[in-house]
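Work through the exercises below with the model open. Try each task before reading its solution.

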Amino acid sequence: MVNRTVPSAEPSPAAARPAGGRYARLWQSARATLDGNWEHDHTVPSRTLYPHQWSWDSAFIAIGWAHVDPERAWSELSSLFDAQWRDGRVPHIVFNPAVPATAYFPGPVFWACTEVVGAPAVATSGLVQPPVHALAAWHAYQRAPAPQARDALRRLYPRLVAQQRYLATRRDVGGAGLAAVVHPWESGLDNSPAWDDPLAAVPAEESVLRAYRRRDIVHAAAAHRPTDLDYARYVAVVTAYRAAGYRDEGLADRHPFLVECPLFNAAMGVAEHALARIAGEVDADPGPHRENAARITAAVVDRLYDPATGTFHPRDLRTGRLTPARTVLGLAPLILPDLPARQVEAVLAEATSARFGLAARMDRPLPSHDRTATDFEPLRYWRGPSWMNVNWLVRQGLLAHGQDRLAAGLRASMIELVETAGCHEYFHPETGAGLGSAGFGWTAALLLDVLAD
């Protein structure tokens, strides 16, 4: 077994990029998608449902831009971190003031963050998303190393450190060295079955939505999206956080949703590995980052691994219990290069089982939820469909642990999805049909990355 400090990302010289051959059309289509979604200093996820800047979308999108326009890669990240809060949090949405307030719900008026002490002047949400940004910055730098890129990395480094510090201190609600998410939206896997039990304890009524207009079901079929009751609970959780001024002090005593998520915390751990590499490039000390990374990996294993199921689960801090659903979140800790061999082997067994079907030659896409479960829904958002960004993260984990054949199988599956259906937001986990928004930013960006490999 091979352990690397971070998943490898060798520079991809322009001459090696698919200018011709089988993938030329795909390459050009992905590039055109990114160009079409570019918005002066960042990329919108899509021109329909997501007209603003999203945090982890921008991280993944920067990786793609590094292959075709490195300047835009660094603009993508720097524009996002320009909206960083004083406490270090990087908001999950940065609102474009040129877009009508009614174009997306919940919009800037609902969040009311400009009234909060420590928030930036620009309108944002008060939540965060998985901290994949340091990993993205390191990948972007390796894909297109240049003096200008090193300067951009140097400017970004203290902001990345502040992001990690915020999560490691203010969000360590459980006191065990892991960050708690305060809303399913913070996990990135908004509607995952992993959140069903913690959300069920949040009091809410569908009638609360009468005061709002959901924009997502204007652009996508309601049967593919979270239910009205789910959305009512999402609104209730945000309302509770907003009522406290988005403060993190005392969360354990008052907040209705507090969960330690395997993907979120694995991202926080691999970010420290990436920051150790970045520190070496910008004349900073990598030692503290390596120490932080080791502590986070140990805590992820101690808190979120279940020997009975052989996979990782979120921990509901309200009950102290691991949530039972077996979702793709359980595979995410593979991205930790120092994950112990026992857990690596167990997660690989889970990934290659009938539940997820990872193989050197895959006959179906990697699902976001156990396809053998009774609540598997192949059409509904995060309750079954395959997503390019999670596939990319799992592939990075496979590469980090020397699983090249499985990584190659997943890469081929990712390419086939877009080759068949286009740059959709997500894909049917049985047929590969495109679902959600068309012309989706991170799908295009990460396709460029896997094609360049």
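The model is predicted: local features need pLDDT of at least 70, side-chain atom pairs count only at pLDDT 80 or more, and totals for chains, interfaces and linings use all residues. Residues are numbered from 1 along each chain as its sequence is written, and side-chain values use heavy atoms, with hydrogens and water left out.

**Exercise 1. Check the length and line of α2.**

Step 1. Helices (H or I, at least four residues) and strands (E, at least two) are DSSP runs, numbered from the N terminus. Helix α2 covers residues 55-68, 14 residues.
Step 2. The expected span is 1.5 Å times one less than the number of residues. For α2 the expected value is 20 Å, and the C-alpha span from first to last is 21 Å, close to it.
Step 3. Look for a bend, the angle between axes fitted to the seven residues ending at a residue and the seven starting there. α2 has a kink of about 25 degrees, centred on Ala62.

**Exercise 2. Decide how enclosed α5 is, and find what covers it.**

Step 1. Buried means under 20% relative accessible area, exposed over 50%, partly exposed in between (1.4 Å probe, protein chains only).
Step 2. In α5 (residues 133-143), 11 of the 11 residues are buried, so the helix is largely enclosed by the rest of the structure. Among them are Trp138, His139 and Tyr141.
Step 3. Contact means heavy atoms within 4.5 Å. The cover of the buried α5 residues includes α2, α3 (70-81), α6 (147-169) and α12 (262-281).

**Exercise 3. Is Tyr246 buried or exposed, and what of Asp283?**

Step 1. Most residues other than glycine have a negative phi, and most peptide bonds are trans.
Step 2. Tyr246 has a positive phi of about 60 degrees. Its loop runs between α10 (228-243) and α11 (251-254). Tyr246 is buried, at 1% relative accessible area.
Step 3. Asp283 has a positive phi near 65 degrees. Asp283 is exposed, at 68% relative accessibility.
Step 4. Phe105 and Pro106 are joined by a cis peptide bond, with omega about 0 degrees.
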